[in-house]
Amino acid sequence: ERCTKRETSTSSSRGAQRAAMARRFFESSGLNINWFPGHMASAARKIEQRLKVADMVIEVRDARVPLCSKCGRLEDLIQNKRRIIVMNKSDLIGPADTERWTRHFTKQGQAVAFTNATKGSRIGDLMPQELLKRGLLTRADRMLMFMIIGIPNTGKSTMINALRRNGMRARRQEGGGGNVAETGARPGVTRHVSTMQFCSEPPAFLIDTPGIMQPSLAPEDGLKLALTGAIKENIVDTITLADYLLFLLNRKGQVSYVKTFGMVEASDDIDTVLDAVAAKMGFNLKKQQAASSKMASQLHSAHAAHLHHSTASSQPSRDILRAAQYLIKSYRSGALGRFVLDDADE
């Protein structure tokens, strides 16, 4: 659903341009965004059983949504466990964001680490010896059991592989192998609970778990999670998701899309922005344009004549859906700015 409420701006300053016509809110009350397939409910029960043997819980979140990507479904189960919150994909936020959210969690007395598992950045912060130094583990003179949890597509499987590369070097040098966790850009790749060794000294094992989503989500939380790829693609309408992205970009002053897509100024109208994206990228629908023109020529009402004129005068017809997909993809890669979608209380 699209919100049509607009703010007007009469200033020509750069700051005014960045906030041009920015909506004060996004109308999402009619949205129902839920994704909790059967394997998640089954996995949650198995996690509860295995959690009893875990010395430490590694909760992996997406650094772009440090609050929304909380594994709320398991929160009650892990509240009495030693835990470190790992903000993965931290390369997609800015240094100031890292500092702000470090302060946020430190005030709550919660240990936090920022990683980029794809590149192996800061993975050493999660190894047993380092956690021992930080006082998050009390001993490392016996076999340790870790459990890794999180919502879908936060990079848990990629992180497991990075942890194993870091912690199993000695074993590899001796010719030993090991399991590799399957990874993927789509949510829900891991569907079963399994255990594998990830550190040789001290010996430490990791219980891998599927991504567990909340059974119900607030509309804007669902939109944020859909933007970061945590929710299956077909759950949220693509144009609606692109519109919400535009709302956030303008509200947070992230208007690099203006230059990227050859626009004159920032806009809060999703149709205007998607038309610019399609024009810049050459996303056209020539066949659709021809079909629309043929349909209009066969009708005799004044409305049909107007439709035919509008279609003919806006050649070539833009592929707006493809433009919306590209806008979302650009955000996910960091091409539209590196920033946090959630707001921190400070």
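**Terms and source**

I began with pairing, and I count two strands as paired if DSSP finds at least two bridges between them; helices (H or I, at least four residues) and strands (E, at least two) are DSSP runs, numbered from the N terminus. I am working with a predicted model, in which local features need pLDDT of at least 70 and side-chain atom pairs count only at pLDDT 80 or more, while totals for chains, interfaces and linings use all residues. Residues are numbered from 1 along each chain as its sequence is written, and side-chain values use heavy atoms, with hydrogens and water left out.

**Strand 1**

I looked up Met56 and found that it stands opposite Phe146 in strand 4. Strand 1 and strand 4 pair in the parallel sense, over five bridges. On strand 2 (residues 83–88), I noted that it runs parallel to strand 1 and is joined to it by six bridges, with Met87 of strand 2 as the bridge partner of Arg61.

I then checked how well strand 1 (residues 56–62) is covered, and seven of its seven residues are buried, where buried means under 20% relative accessible area with a 1.4 Å probe, protein chains only. Met56, Ile58, Val60 and Asp62 point one way from the strand, and Val57, Glu59 and Arg61 point the other way.

**The whole chain**

I recorded 14 helices and six strands, and 49% of the 346 residues count as buried. With contact taken as heavy atoms within 4.5 Å, residues 24 or more positions apart account for 75% of the contacts with a separation of 6 or more.

**The cores**

I took a nonpolar core to be a set of buried Ala, Val, Leu, Ile, Met, Phe, Trp, Tyr and Cys residues joined through side-chain atoms within 4.5 Å. The largest has 62 residues, of which Met213, Leu225, Leu227 and Tyr257 touch the most other members. Helix 9 gives the most to this core, with nine residues. Apart from it lies another core, of 27 residues, among them Ile84, Ile123, Phe146 and Phe198.

Technical notes:
Buried < 20%, exposed > 50% of the residue type's maximum accessible area, 1.4 Å probe, protein only.
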